[in-house]
Amino acid sequence: MRLLKSQIDKKHGSGFATFLPEEPEDMWHAYNLIQPTDLVRAKALRRVTKTSDSGSVVSERVKVDLTIAVTSTDFDVGSGQLHVAGRVAVENDYVKLGGHHTLDLELNRRFTLEKVDGWDSVALEMLREACETERKAELWAVVMGEGIANICLITEHQTILRQRIEVPVPRKRRGGLDGHDKGMEKFFWTTLTTLLRHLDLSGASSSASTPDKTVPLLLASPGFVAQSFLAYIKAEATRTTNKPLLALLPTIIVAHSSSPHVHSLAEVLASPAITTKLSDTKYARETALMDKFNTFIRQDDGRAWYGPREVERAVEKGAVGRGGGVLLISNALFRAQNVAERKRWVTLVDRVREVEGGEVRVLSSLHESGQRLEALGNVAAILTFPLEDLDEEEEEEESVDAAVVEEEAMVI
Amino acid sequence: MPPKSGHHRAKNVGFDDDDGYSDDYLEEEEGDGMTDEDREQLRIGTAKAREALDSSITVSDAQIQESLWHYFYDVEKTVAYLKNKFAPTPKTTSTPSKKQKATSRFDQAASAAGVETNSTPGKQTTSHAQLGEIQESTCTAPSLKSLARQCVENVNLSDSGTSVDESSVRDKSLYPAFVDTFPTSNFFWDTPWGNVPPHRLGEITVEPLLPRGRLLGGSSKPSKLAALAAARKRKQDEAKNVASLPHEHDTRTEADTAVALLDRLSFKAKDTTGPPSIPKEAEKKPRHSRYPTRKRSPSPTPEIPKTEERPPPKSTAPAIEFPDLRAPPSIFASVLCGTSAHQPINQISEFTSFPLPYTNFPGFKDANPFANPSPDDLVLSAQAKGTKPKPAKTKKSNGEHLAAPMEKLAVDEIPRVKSKNLNVVEEFEKSGMKRMANFVVIGHVDHGKSTLMGRLLCDLKVVDQRSLDKLRKEAETIGKSSFALAWVMDQTSEERSRGVTVDIATNYFETEKTRFTILDAPGHRDFIPNMIAGASQADFAVLVIDASTNSFESGLKGQTKEHALLVRSMGVQRLVVAVNKMDTVSWSQERFEEISQQMGTFLTTASFSAKSITFIPCAGLTGENVTKKVEDPNAKWYTGETLIEALDSSEIAKRNIGKPLRLTIGDVFRGGITNPVSISGRIDAGSVQVGDIILAMPANETAAVKAIELENEPVDWAVAGQIPTLHLTDIDPVHLRSGDIVCDPKNAVKLIKSFTCKILAFEHVLPMSVEVFRGRLQAEGKVKRLVAVLNKTSGDIIKNKPRIVKPGEVARVIVELDRELPLEPGTRVVLREGGNTVAAGLLEVSI
C-alpha cells in the first residue's frame, strides 16, 4: 500500500492519511486499519433519484466523493474485497448527512482515513507495516494426502486457502489395484491442473513481466504422496513441454507434513529443512513463537499463560517485561467493533512495550499461528518469571457462576 | 402383469382353465382403482341417489355407489335400478350382499365392482399389488374396450400365474366351481340372449350398438354401416332362431318357462335347473379354438346389460335374480366363440353347483374390499420401503401356492432390487455359522507385521505356492527377497517399491473354529490414520514386536506404544503379542522374557488386563511357531501355543446385531461393470440384506443394496462384526466417501458440529486444532474448551476449567468440528495433532 499523504500529529495522534492500495493484500491491511467510528473518504458511485416538478422520477448514478463514519467493515478473504459501511459524515449536493452508504474499496483507488480518537500506537504500527515497500515473501503451498489436497497461498500476512481438492481414491483391495492407481492418477491430474490455474504461469502478465518473481512452491504430505506428485509434475512437464512449468520445477520444495489438512502447514514451516530454504517470513517467525509458547506451557512451570484475564493479570504483576517477556496478541482483537474493547488491548500492548519493556508480537489471525492463538483466546504471554494460580480467583467466580447456573437448572 | 405385448397376451389365452380367478381380479379392480375425480362424482351421485330414493328402501352407500358406477354416474338410472332391486323383496335388503350377488348377473358380466363378489380379500390385495398398472388404465377409463382388455389381460395373469398347478387348483381349492365356471368368455354368459322374455328379446338384438356409440363419444345414432351390420345380424339371428341347433332352442324355451315359474317360486328352487350348464360348455369351447378373436370382438357385449336394464320392468325384475338361468350361447356369442357341438359331461355336472360357491364361500360374507388399504397405497408403500409387503400378511392361506408365483411375476415389474425380507437375526442364528473375528495386526514399522501375516496365509494354504514363488521371484529381481511374504499383503506398487505398508490390507482365513479377517495395519507413523481405520474394525489385536536387539526398544518409543494405546482406546481388549524374529536372537528365552516383562508392565498401565494379553514367540520369515510348533533346538523351553492357536482361543465380544444398521464406509470403489458403485466397511451394529434401502450420511442420500459380498462370496445378508462389500444402486458415488456412515433410513445418525468428549490425554491438550478420527472418518476440528479434569477411576471433577491437560490425565473437553459429521454418543474418537496422537476419547453428548 502506498502512503500518499499523511498528516498525523505525533503527540495526539490526530490527523489523516491517504492510501493507494496496490495489491490484494493491501485490502487486508486496510481491513485492519479501518475501525468503526473512523472517517473514510473515497470516491463512490451513488444512485441519486430526483423528483422533478411534474412528479416524474429520474434516477442516475453519480460519482461523488463521500466521507462516511464507519459503522462496520466486511472483508472477503478469498477475493480480497473490503466493504466499508457507514453513514455519510459530510454533506454534499447529492447525499444528505446521515445517509447510509457502503464503500467498496478498490485496488488503485485512493482513500483517506481519519481516526476520530486519534491514531494509537497499534494503528501507527499497522500503518507502518502496511506501507513497507520491501518485497514481500510469497509462497504457494499444496498440503496433500491421498485424494485430498489444499492449495494455499501464503503471504506475509495471510494464508489463503485457494482451493480444496477432494478426489475419491479407492483403497487397495484384492484384485482392485487398478482402481487405486487410476484414482491417484486422476487425483494428481486434478491437483496439477487446478494448481496451474491458480499459479497463472502462462499469463504473460505475471511471469513474463516480472521474470525474477518466481513464487516458490511447497508440496507437503504425509507419506510419499508429495514425492509422487513431484514426480508426476516432472513427467507431465516434460511430456507436454510446458516451459513455465519446467521453469517452476527447481523452486519446488517437498516437505513432510503429518496430515493433509491446512493446519499442518504450521508444522511444515517450522521444520528446519524449510526455514533454511525459505526467507524469514513473518509467518515462520510467528509459527516459531507459537511453538516456543507451546513448549513452555507443556513444561507447566507457570511461565506461559493464555486467555485474556490471565494475561492481563500477568502484565499487572510485571511478569511480561524485559528479559524474555513476550506478549502474543492476535490482530483480531484490534478489529473489535467495540471501541472500549480495542482500547483495552491497545493499553495492554502499550504497557508491555513501553512500561514493562517486553516484546509484543501481533499475530495475523489469517495465519495458522494466529489461528492457534485464537483457540487460546487470542492472547497469550510468555513470562519472565513463573507465576502460579493466575486463574485461581477467576475459578472461584466461575464456580459461583456454575452454581448459579446449576440452581437455575434445578428450578427449571 | 400390466401392459402386455400382444403376443404374450395371445400366447397365454389358450390355457385359461381357471378364468374365474381372473374375474375376481376384474371386479375388485373396478371397485378400488378409482381416480379422485371418480370418487368425488361418486360421492355426489350417492347423495343425490339417496335423496331420490324414498326412505322405505334401505340401501347401503356401497350399493348405491356400485350401481352408480355401473350407470356411469347416471343418478336416474341408478335410482330406478335400486328401487327395482330393493323395493319389492325386503328379503334382499336384509341380506344385501348375498342377494345382490344373485341379482346382479349383469354385474359379473360387466365386471362389476363387487362388494359382494370380492370373495377373497386376501387374493384381492395381492393381485392389486401386482396389477397396479392395469388398475390405473382400467379405472380411469372404464370403457368397454378397457374392460375387454382387462378381461384378456386377467386371463393372462391367472394363466401364467397359476398354470403351474392348475389342475391342483381345480381339484383341491376351496372354490373349485368358482374357479372353473368363470372363464373370461363367461362375461357374456348371463346376458339374456336366449332366455329372456320375448318382449325384451326384440330390444336386445337391436339395441346393442346404441350405447357403444354414445359411450365412445360418437353420436347416439348408429352409423349407417353399423345399422347395416345390425340388420344383417338380426337376420342371421332370426335365421338361427328359427333353424338353429336344437339344444339352443330348447334351452331357451325351457329357460323361459323356468323364469316364469320361478318368479313365483321361492328362491331355493332355482338353481336346480339344467340349462345353465350349457353356456358353460359354450365358453369352454372357444378357449381352445377361437381365442384370438376375443381380443377384438367381445368388447361391445358387456355393455348390453346396461341398455337392457335401463327400462327394467318392475314386476319382472325378480326374475333376473336367478343366477342359474344362464342361456345357451347367444347367436352373438356363438358367432364370437364358435358353436359348442361337443361338451365334456363332467363339466356339466360341475356347473350345476355354480351359483353356490359365491354365497357359500366363507370369505364372501365378510368380504369388504375397502377395509384394507387401497392397492395403490400398498404398492407405493412397498416401493417406498423397497420391500414388498410380507406375503403372510397379504394372502390367505389357501391362496398361497397361487400367490407365490404371482409375486415372482411382480418382481419383473419393479425395477428396484427385491428384498427377501429375511429376518436376518434369525437367519444368522439359524445359519450356525462359525464365529467370526476380525483382528488388526499392529506394531512398529519394519517389525514384520505383513511378513508374519503373509506367512500365516501361506501356511494355511490361503495363498498357493505358485503365486508365492512368483512374488519371491519378483522380490529377488529388485533385491528385496525378504519382502516376498509381505507382498502377499502389500500389493500396490508404491508399497512394494518402498517396502512399507501404506494402507490396511484385508485378507481372510479359516480355522476349525473361526473365520478370521486379517487387517494388516501400516506401522509407519505417517499412516497411523490408516491404522486407526483398521483398528476400528477389529475385535482384537495382534501386536507384533521385533525381538532383535534395539528394534524392540526403538519400537517401544515409537509406534509399538502408540499403536497399543490406540487400539486400547478404540475399545480393543484382547491383545496377542507376537514376539517376532525370534530366529535372529536364536530363540533366546531371556530375550523373550525381558520383552514379555517390559511389555506386560506397559500394557497393564495402558489398562489392558493381564489375563487378556498372550505372549507368543515366533519367527514370521521362517514360519516357526506360527502355525506349526517350533523345531529349533534352542526353543525347547517354549511349550506354549502357536500363534494360530492363540488367535483361535480369543474371546470375541458380543455383537449388536439387533440394533439399527451402522456401517462405516472404509472404501468406495467401482466393483466392476455390473456394480459401478460399491462400498466396503465394517458393520458396527445391526444387519443389512439385499434389497434394503440404506442412507449415507452426511450426504443424506439413500441407496438400494443390490448385492452383498462377504469374503468375495455373494451372500444375502450381513450382520454386525462382518466386513462386507455392498454393491449399491440408485446413488451417485459422489455422495459416498470413506469415513461416511451408512445407516438405516428410519434410524438415521444425526449430524453434529460439536460435542463434549471424555478424553484420555496422551500428550498435552490445550485448546487447539486437532484432527478427529473415527475409523476411516478423518476431520478437522478443534478443542474448543477444556471443561474439567476428571478423576481417572471415579470420573469426579478434580479441576474445573484447567489451563492444560497433561498426558495421562482424563478430562472432559468440548470439541468443535469444521463441518457437520455423523457421530453418535458413545463413539470412540481419536484426537491427533501434528502427527501425534493427542488423546483418545469417548463422545459423551453432542451439542
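Tutor: Rings of Phe, Tyr and Trp (its six-membered ring) count as a pair if their centres lie within 6.5 Å, and planes under 30 degrees apart make the pair stacked, over 60 edge-to-face, and the rest tilted. By this rule there are 16 aromatic pairs over all chains. This is a predicted model, in which local features need pLDDT of at least 70 and side-chain atom pairs count only at pLDDT 80 or more. Residues are numbered from 1 along each chain as its sequence is written, and side-chain values use heavy atoms, without hydrogens and water.

Student: What makes B:Phe439 count as buried?

Tutor: Buried means under 20% relative accessible area, exposed over 50%, and partly exposed in between (1.4 Å probe, protein chains only). B:Phe439 has 0%, so it is buried, and B:Phe516, at 1%, is buried as well.

Student: Why is the pair of B:Phe592 and B:Trp637 called tilted?

Tutor: The ring centres lie 5.4 Å apart with the planes at 40°, so the pair is tilted. B:Phe592 is buried at 8% relative accessibility, whereas B:Trp637, at 22%, is partly exposed.

Student: How do you know that the charged end of B:Arg803 sits over the ring of A:Trp305?

Tutor: A charge sits over a ring if NZ of Lys or CZ of Arg is within 6 Å of the ring centre and within 35 degrees of the ring normal. The charged end of B:Arg803 meets this rule at 3.7 Å from the ring centre of A:Trp305.

Notes: Chains lettered and ligands numbered in written order.
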